[in-house]
Amino acid sequence: MSQHRNATVATTGVTGALGSRIAAALAERQIPQLLVARNPTAVSELAGAQRRGPAEYADAAAMRQALDGASTLILISGHPTGRRLEEHATAVEAGIAVGVERVLYVSLLGAGPVATYRNARDHWLTEQYIAGTGLRHTIFRAGFYGATPAALADENLVISGPGGSGEAAFVTHNDIAAVVATVAADPGTDNDGAILEVTGPELLTLERAVAKIADATGRPYRYHPETLEEAFSRRWQLGMSGNQIEAWISWYQAIARGDVSALTDVVERVTGNPATGIEHSDWWPEPNTSY
(Lines give C-alpha, C1' and ligand atoms only; values in the text may rest on other atoms or scores of the structure.)
Protein backbone atom coordinates (compact mmCIF):
# COMPACT_ATOMS: atom_id res chain seq x y z
CA MET A 1 0.00 0.00 0.00
CA SER A 2 1.28 3.45 -0.88
CA GLN A 3 2.62 5.95 1.62
CA HIS A 4 0.01 8.44 0.30
CA ARG A 5 -2.83 6.13 1.27
CA ASN A 6 -1.30 5.50 4.69
CA ALA A 7 -1.17 9.24 5.37
CA THR A 8 -4.62 10.24 4.15
CA VAL A 9 -7.65 10.74 6.39
CA ALA A 10 -11.22 10.98 5.08
CA THR A 11 -13.15 13.37 7.30
CA THR A 12 -16.94 13.43 7.16
CA GLY A 13 -19.38 16.00 8.47
CA VAL A 14 -17.03 18.79 7.42
CA THR A 15 -19.77 21.39 6.99
CA GLY A 16 -20.91 20.86 10.59
CA ALA A 17 -19.71 22.31 13.88
CA LEU A 18 -17.65 19.27 14.87
CA GLY A 19 -16.44 17.91 11.53
CA SER A 20 -15.22 21.32 10.39
CA ARG A 21 -13.15 21.67 13.56
CA ILE A 22 -11.66 18.19 13.18
CA ALA A 23 -10.73 18.98 9.57
CA ALA A 24 -9.11 22.27 10.59
CA ALA A 25 -7.15 20.58 13.37
CA LEU A 26 -5.84 17.95 10.96
CA ALA A 27 -4.91 20.63 8.42
CA GLU A 28 -2.86 22.37 11.11
CA ARG A 29 -1.00 19.08 11.59
CA GLN A 30 -0.44 18.91 7.80
CA ILE A 31 -2.31 15.61 7.51
CA PRO A 32 -3.58 14.98 3.95
CA GLN A 33 -7.37 14.84 3.95
CA LEU A 34 -10.38 14.01 1.87
CA LEU A 35 -13.21 16.31 2.95
CA VAL A 36 -16.40 14.35 2.39
CA ALA A 37 -19.70 16.24 2.19
CA ARG A 38 -23.18 16.10 0.76
CA ASN A 39 -22.51 19.58 -0.63
CA PRO A 40 -18.78 19.91 -1.34
CA THR A 41 -19.18 23.49 -2.59
CA ALA A 42 -19.99 24.49 1.01
CA VAL A 43 -16.71 23.04 2.33
CA SER A 44 -13.99 25.49 3.33
CA GLU A 45 -10.64 25.20 1.58
CA LEU A 46 -7.91 23.71 3.74
CA ALA A 47 -4.26 23.12 3.00
CA GLY A 48 -3.52 19.57 1.91
CA ALA A 49 -7.20 18.71 1.56
CA GLN A 50 -9.36 17.61 -1.37
CA ARG A 51 -13.11 18.15 -1.48
CA ARG A 52 -15.04 14.97 -2.18
CA GLY A 53 -18.70 14.49 -2.97
CA PRO A 54 -21.55 15.01 -3.21
CA ALA A 55 -21.77 11.90 -1.07
CA GLU A 56 -24.40 10.78 1.41
CA TYR A 57 -23.82 7.88 3.79
CA ALA A 58 -26.68 5.88 2.24
CA ASP A 59 -25.21 6.18 -1.28
CA ALA A 60 -22.67 3.36 -1.47
CA ALA A 61 -21.30 4.26 -4.90
CA ALA A 62 -20.83 7.93 -4.03
CA MET A 63 -19.16 7.02 -0.75
CA ARG A 64 -16.74 4.62 -2.45
CA GLN A 65 -15.71 7.39 -4.82
CA ALA A 66 -15.41 9.91 -1.99
CA LEU A 67 -13.32 7.66 0.25
CA ASP A 68 -10.98 6.28 -2.40
CA GLY A 69 -7.39 6.96 -1.37
CA ALA A 70 -7.90 7.11 2.40
CA SER A 71 -6.73 4.66 5.02
CA THR A 72 -8.53 6.28 7.97
CA LEU A 73 -12.21 7.24 8.03
CA ILE A 74 -13.47 9.73 10.62
CA LEU A 75 -17.18 9.05 10.84
CA ILE A 76 -19.33 11.82 12.28
CA SER A 77 -22.82 10.47 12.90
CA GLY A 78 -25.59 11.37 10.51
CA HIS A 79 -28.95 12.85 11.47
CA PRO A 80 -31.35 10.52 13.33
CA THR A 81 -33.35 9.35 10.33
CA GLY A 82 -34.52 6.04 11.74
CA ARG A 83 -31.98 4.25 9.54
CA ARG A 84 -28.80 5.68 11.00
CA LEU A 85 -27.18 2.29 11.61
CA GLU A 86 -27.83 1.23 8.02
CA GLU A 87 -26.46 4.53 6.67
CA HIS A 88 -23.33 4.33 8.82
CA ALA A 89 -22.78 0.71 7.81
CA THR A 90 -23.09 1.61 4.12
CA ALA A 91 -20.44 4.32 4.55
CA VAL A 92 -18.04 2.00 6.38
CA GLU A 93 -18.54 -0.81 3.87
CA ALA A 94 -17.80 1.66 1.07
CA GLY A 95 -14.57 2.52 2.86
CA ILE A 96 -13.62 -1.13 3.22
CA ALA A 97 -14.20 -1.61 -0.51
CA VAL A 98 -11.61 1.06 -1.37
CA GLY A 99 -8.99 0.15 1.23
CA VAL A 100 -9.88 2.04 4.43
CA GLU A 101 -8.14 0.28 7.31
CA ARG A 102 -9.21 2.30 10.36
CA VAL A 103 -12.45 3.92 11.50
CA LEU A 104 -12.67 6.65 14.13
CA TYR A 105 -16.29 7.04 15.20
CA VAL A 106 -17.71 9.90 17.26
CA SER A 107 -20.33 8.35 19.51
CA LEU A 108 -22.09 9.53 22.67
CA LEU A 109 -21.33 9.20 26.35
CA GLY A 110 -23.69 6.66 27.85
CA ALA A 111 -24.19 4.78 24.57
CA GLY A 112 -25.83 1.45 25.23
CA PRO A 113 -28.66 -0.86 24.13
CA VAL A 114 -31.04 0.45 26.81
CA ALA A 115 -29.69 3.99 27.16
CA THR A 116 -32.16 6.64 28.27
CA TYR A 117 -31.29 8.99 25.41
CA ARG A 118 -32.69 7.65 22.14
CA ASN A 119 -29.70 8.78 20.08
CA ALA A 120 -27.34 6.97 22.46
CA ARG A 121 -29.03 3.69 21.54
CA ASP A 122 -28.43 4.43 17.85
CA HIS A 123 -24.78 5.13 18.55
CA TRP A 124 -24.33 1.86 20.44
CA LEU A 125 -25.62 -0.05 17.43
CA THR A 126 -23.04 1.64 15.19
CA GLU A 127 -20.30 0.91 17.72
CA GLN A 128 -21.21 -2.78 17.65
CA TYR A 129 -21.23 -2.85 13.86
CA ILE A 130 -17.80 -1.18 13.59
CA ALA A 131 -16.25 -3.52 16.15
CA GLY A 132 -17.60 -6.47 14.18
CA THR A 133 -15.92 -5.42 10.93
CA GLY A 134 -12.48 -6.36 12.21
CA LEU A 135 -11.10 -2.95 11.16
CA ARG A 136 -8.79 -0.98 13.40
CA HIS A 137 -11.07 1.42 15.19
CA THR A 138 -11.44 3.87 18.04
CA ILE A 139 -14.73 5.00 19.54
CA PHE A 140 -15.01 8.51 20.97
CA ARG A 141 -17.94 8.70 23.37
CA ALA A 142 -18.37 12.44 23.59
CA GLY A 143 -20.21 14.14 26.42
CA PHE A 144 -23.12 16.40 25.63
CA TYR A 145 -22.03 19.51 23.76
CA GLY A 146 -21.76 22.62 25.92
CA ALA A 147 -23.37 24.56 23.08
CA THR A 148 -26.52 22.42 22.96
CA PRO A 149 -28.52 24.21 25.68
CA ALA A 150 -28.24 27.45 23.70
CA ALA A 151 -29.65 25.69 20.63
CA LEU A 152 -32.49 24.27 22.73
CA ALA A 153 -33.52 27.72 23.97
CA ASP A 154 -36.75 29.27 22.77
CA GLU A 155 -37.13 32.77 21.36
CA ASN A 156 -37.07 34.12 24.93
CA LEU A 157 -33.77 32.30 25.63
CA VAL A 158 -35.47 29.89 28.02
CA ILE A 159 -34.31 26.27 28.07
CA SER A 160 -37.18 24.15 29.40
CA GLY A 161 -36.97 20.46 30.14
CA PRO A 162 -37.10 17.63 32.69
CA GLY A 163 -33.40 17.63 33.55
CA GLY A 164 -33.96 17.41 37.30
CA SER A 165 -30.88 17.87 39.46
CA GLY A 166 -28.70 15.57 37.37
CA GLU A 167 -25.24 16.62 36.23
CA ALA A 168 -23.24 16.35 33.02
CA ALA A 169 -19.64 17.18 32.10
CA PHE A 170 -20.52 19.31 29.07
CA VAL A 171 -17.71 19.42 26.51
CA THR A 172 -16.75 21.89 23.80
CA HIS A 173 -16.63 21.05 20.11
CA ASN A 174 -13.00 22.14 20.01
CA ASP A 175 -11.96 19.68 22.70
CA ILE A 176 -13.65 16.77 20.98
CA ALA A 177 -12.06 17.81 17.69
CA ALA A 178 -8.62 18.03 19.28
CA VAL A 179 -8.90 14.53 20.73
CA VAL A 180 -10.11 12.99 17.46
CA ALA A 181 -7.49 14.81 15.38
CA THR A 182 -4.69 13.78 17.74
CA VAL A 183 -5.63 10.11 17.46
CA ALA A 184 -6.17 10.38 13.70
CA ALA A 185 -2.72 11.90 13.20
CA ASP A 186 -1.04 9.12 15.21
CA PRO A 187 -0.29 6.04 13.06
CA GLY A 188 0.31 3.95 16.18
CA THR A 189 -1.99 1.30 17.59
CA ASP A 190 -2.26 2.44 21.22
CA ASN A 191 -5.88 3.51 20.79
CA ASP A 192 -7.00 0.63 18.60
CA GLY A 193 -10.16 -0.89 20.04
CA ALA A 194 -10.40 1.81 22.68
CA ILE A 195 -13.53 3.60 23.84
CA LEU A 196 -12.48 7.11 24.86
CA GLU A 197 -15.00 9.05 26.96
CA VAL A 198 -14.43 12.72 26.10
CA THR A 199 -15.83 15.09 28.72
CA GLY A 200 -15.50 18.64 29.93
CA PRO A 201 -13.67 19.60 33.14
CA GLU A 202 -16.57 19.69 35.60
CA LEU A 203 -19.98 18.29 36.33
CA LEU A 204 -22.80 20.80 36.00
CA THR A 205 -26.53 20.77 36.48
CA LEU A 206 -28.46 22.30 33.61
CA GLU A 207 -29.21 25.32 35.78
CA ARG A 208 -25.50 25.94 36.39
CA ALA A 209 -24.57 25.19 32.76
CA VAL A 210 -27.14 27.65 31.46
CA ALA A 211 -25.97 30.29 33.93
CA LYS A 212 -22.44 29.89 32.56
CA ILE A 213 -23.75 30.29 29.02
CA ALA A 214 -25.58 33.45 30.03
CA ASP A 215 -22.41 34.89 31.59
CA ALA A 216 -20.30 33.93 28.57
CA THR A 217 -22.66 35.38 25.98
CA GLY A 218 -24.05 38.34 27.89
CA ARG A 219 -27.54 37.11 26.94
CA PRO A 220 -30.23 36.26 29.53
CA TYR A 221 -30.46 32.52 29.02
CA ARG A 222 -32.21 30.72 31.85
CA TYR A 223 -33.25 27.17 32.64
CA HIS A 224 -36.85 26.30 33.46
CA PRO A 225 -37.38 22.80 34.95
CA GLU A 226 -40.36 20.81 33.72
CA THR A 227 -42.02 17.59 34.79
CA LEU A 228 -42.21 14.82 32.21
CA GLU A 229 -45.92 15.51 31.79
CA GLU A 230 -45.31 19.23 31.22
CA ALA A 231 -42.50 18.51 28.78
CA PHE A 232 -44.66 16.17 26.71
CA SER A 233 -47.70 18.44 26.71
CA ARG A 234 -45.80 21.54 25.64
CA ARG A 235 -43.98 19.82 22.80
CA TRP A 236 -47.13 18.09 21.58
CA GLN A 237 -48.92 21.43 21.48
CA LEU A 238 -46.03 22.81 19.43
CA GLY A 239 -46.80 20.19 16.77
CA MET A 240 -43.72 18.03 17.24
CA SER A 241 -43.70 14.43 16.08
CA GLY A 242 -43.47 11.55 18.51
CA ASN A 243 -39.86 10.90 17.45
CA GLN A 244 -38.92 14.52 18.10
CA ILE A 245 -40.62 14.51 21.48
CA GLU A 246 -38.83 11.31 22.50
CA ALA A 247 -35.45 12.67 21.40
CA TRP A 248 -35.85 15.98 23.24
CA ILE A 249 -37.26 14.55 26.46
CA SER A 250 -34.80 11.66 26.58
CA TRP A 251 -31.88 14.11 26.21
CA TYR A 252 -32.96 15.84 29.41
CA GLN A 253 -33.74 12.55 31.13
CA ALA A 254 -30.25 11.21 30.39
CA ILE A 255 -28.94 14.10 32.48
CA ALA A 256 -31.56 13.67 35.19
CA ARG A 257 -30.76 9.95 35.54
CA GLY A 258 -26.98 10.40 35.61
CA ASP A 259 -26.35 8.64 32.30
CA VAL A 260 -23.85 11.32 31.24
CA SER A 261 -22.27 12.08 34.61
CA ALA A 262 -18.87 10.57 33.82
CA LEU A 263 -15.91 12.90 34.31
CA THR A 264 -12.66 11.87 32.62
CA ASP A 265 -9.17 13.16 31.89
CA VAL A 266 -9.23 12.03 28.24
CA VAL A 267 -8.87 15.53 26.78
CA GLU A 268 -5.73 16.27 28.77
CA ARG A 269 -4.33 12.76 28.50
CA VAL A 270 -4.66 12.65 24.70
CA THR A 271 -3.95 16.27 23.75
CA GLY A 272 -1.74 17.45 26.61
CA ASN A 273 -4.09 20.36 27.29
CA PRO A 274 -6.73 20.57 30.03
CA ALA A 275 -10.38 20.33 29.08
CA THR A 276 -12.10 23.64 28.35
CA GLY A 277 -14.95 24.95 30.46
CA ILE A 278 -18.10 25.59 28.44
CA GLU A 279 -17.94 29.28 29.28
CA HIS A 280 -14.88 29.43 27.02
CA SER A 281 -16.60 27.89 23.99
CA ASP A 282 -15.76 29.65 20.72
CA TRP A 283 -19.28 29.32 19.31
CA TRP A 284 -22.90 29.56 20.43
CA PRO A 285 -25.77 28.49 18.17
CA GLU A 286 -28.89 30.56 17.84
CA PRO A 287 -32.06 29.58 19.75
CA ASN A 288 -34.42 27.00 18.27
CA THR A 289 -31.72 25.43 16.10
CA SER A 290 -31.53 22.00 17.69
CA TYR A 291 -32.99 19.13 15.68
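**Entry 1: the β4/β5 pair.** I was working on a predicted model. I then checked how β4 and β5 are joined: five bridges link them, and the two strands run parallel.

**Entry 2: the sheet.** Next I traced the sheet that holds these strands. I read seven strands in an open sheet, with parallel pairing. The order I noted is β3-β2-β1-β4-β5-β6-β9. At the edges I found β3 (49-52) and β9 (195-198), each pairing on one side only. Neighbouring strands are turned by 20 degrees against each other on average, direction ignored.

**Entry 3: α5.** I moved on to the helix over β5. I see α5 lying across β5 and β6 (136-142). I noted its direction too: α5 runs at about 160 degrees to β5.

**Entry 4: α4.** I took residues 84-97 next, which form helix α4. I count 14 residues there, as listed for the helix. From first C-alpha to last, α4 reaches 20 Å, close to the 20 Å expected at 1.5 Å a residue.

Which residues of α4 are buried? I listed Arg84, Glu87, His88, Ala89, Thr90, Ala91, Val92, Ala94 and Gly95. Arg84, Glu87 and His88 went into my notes by name, as buried residues of this helix.

What covers the buried residues of α4? I found α3 (60-67) and α5 (118-132) among the covering elements. The strands β4 (72-76) and β5 (102-108) are also included in that cover.

**Entry 5: after α4.** Last, I checked the backbone just past the helix. Gly99 takes a positive phi of about 100 degrees there.

Definitions and conventions
Residues are numbered from 1 along each chain as its sequence is written. This is a predicted model: local features need pLDDT of at least 70, side-chain atom pairs count only at pLDDT 80 or more; totals for chains, interfaces and linings use all residues. Side-chain values use heavy atoms; hydrogens and water are left out. Helices (H or I, at least four residues) and strands (E, at least two) are DSSP runs, numbered from the N terminus. The expected span of a helix is 1.5 Å times one less than its number of residues. Buried means under 20% relative accessible area, exposed over 50%, partly exposed in between (1.4 Å probe, protein chains only). Contact means heavy atoms within 4.5 Å. Two strands pair if DSSP finds at least two bridges between them. Axes are lines fitted to C-alpha atoms, for helices over the stretch in contact, and angles run from 0 to 180 degrees between N-to-C directions.
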